[in-house]
Amino acid sequence: MIFTKAHGLGNDFIITDDRENNFSGDLSALAKKLCHRRTGIGADGLIFVRKSDCCDVRMQIFNSDGSEAEMCGNGVRCFAKYVYDKGIFKHERMRVETLAGPMLIDLTISDGAAVAARVDMGVPETNRENIPVAGKGVCQLEKLSAMGREFTFSTILLGVPHTVIFMDHLPTAEEVMKYGSVIEPMTELFPKKTNVNFTHVVDDNTIEVRTYERGCGPTLACGTGSSSAAVCCAMAGYTGKRVEVRLELGSLNIEWAENAHVFMTGPAAFSFEGSVDI
């Protein structure tokens, strides 16, 4: 397998062109093997470029635990950079098919290479039955307990389920691991598990987010999580509808537009390329 290692603000992915469907075995096991940070290449996810019948190209992504994800915000920016830079679809605007639906992406090009992308993340789903979250109606500013501590949270679906945990401080890595690992698999509340975004509101235009991703654990950045945190903060009246989301290695700019669509803008970069015998 010839691959490219890419990342969006530290959220890293192995990307390979498989439009000819050469890899058709146990892709879940392959993802676990290649994403392992001690015995594999190391990544948060494995992404395949595939042909699409409805869009310019299709993205298939597996988390590091082998589970297939519907979509990934940082992943789709890296995917779009790969598709453009490799000449697979040489247009600054592209439609990418995902399990969460088609994503419209506008690339920023510098010296012939894509360096950033603006992604139309779609319209957030707030009906808890469709997210899913136990109960009925909108899941906003509710309470849950984890490890003897009570949290205020909201949950939406933006490609994948995201729970926003509101914090009065920037959470530490220890807090993200301790509480995220307990909240993510609360299937009595979140039947399909959930991504957990610990969110601190800095001011009306700025928030800080640390994410425990479903199927990955703590990651340096999460595009869908950052977008979801921005939406939940705006819904609660804590911020406006345009915010800078500060992550460990940089920031994403999120806009919840008048047409109800969420737009995420951020960088994408290649780390290295190589080949591996699978």
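This is a predicted model: local features need pLDDT of at least 70, side-chain atom pairs count only at pLDDT 80 or more; totals for chains, interfaces and linings use all residues.
A contact means that heavy atoms lie within 4.5 Å. Keep that in mind.

Take contacts between residues at least 6 apart in sequence. In this chain, 60% of them join residues at least 24 apart.

Now the overall build. The chain has four helices and 18 strands. How far does the C-alpha trace span along its principal axes? About 50 × 40 × 30 Å. Next, the radius of gyration. For 278 residues, a compact globule would have a value near 19 Å. The chain has 18 Å, so the two agree.

What about burial? Buried residues make up 54% of the 278 residues. The chain exposes about 11,600 Å². Carbon and sulfur atoms supply 47% of that area.

Charges next. I count 28 positive and 36 negative side chains. How far apart are the centres of the two sets? They lie 2 Å apart.

Let's zoom in on one residue, R37. Where is it? R37 sits in the loop between α1, residues 27-35, and β3, residues 45-50. Is R37 buried, exposed or partly exposed? Its relative accessible area is 45%. Buried means under 20% and exposed means over 50%, so R37 is partly exposed.

Which residues does R37 touch, leaving out those up to four places away in sequence? D12, G42, A43 and D44. With D44 there is also a polar contact: 3.1 Å, side chain to side chain.

One last pair. R37 and S64 are 27 residues apart in sequence. In space, they are 9.6 Å apart, C-alpha to C-alpha.

How values were computed. Residues are numbered from 1 along each chain as its sequence is written. Side-chain values use heavy atoms; hydrogens and water are left out. Helices (H or I, at least four residues) and strands (E, at least two) are DSSP runs, numbered from the N terminus. The radius of gyration is taken over C-alpha atoms; the globule rule is 2.2 Å times the number of residues to the power 0.38. Buried means under 20% relative accessible area, exposed over 50%, partly exposed in between (1.4 Å probe, protein chains only). Accessible areas come from the Shrake-Rupley method with a 1.4 Å probe; for residues, only the protein chains shown count as cover. Lys and Arg count as positive and Asp and Glu as negative; His and the chain ends are not counted. The place of a charge is taken as NZ of Lys, CZ of Arg, CG of Asp or CD of Glu. A polar contact is a pair of N or O atoms within 3.5 Å; within protein, one must be able to donate a hydrogen and the other to accept it, and residues adjacent in sequence count only if both atoms are side-chain atoms.
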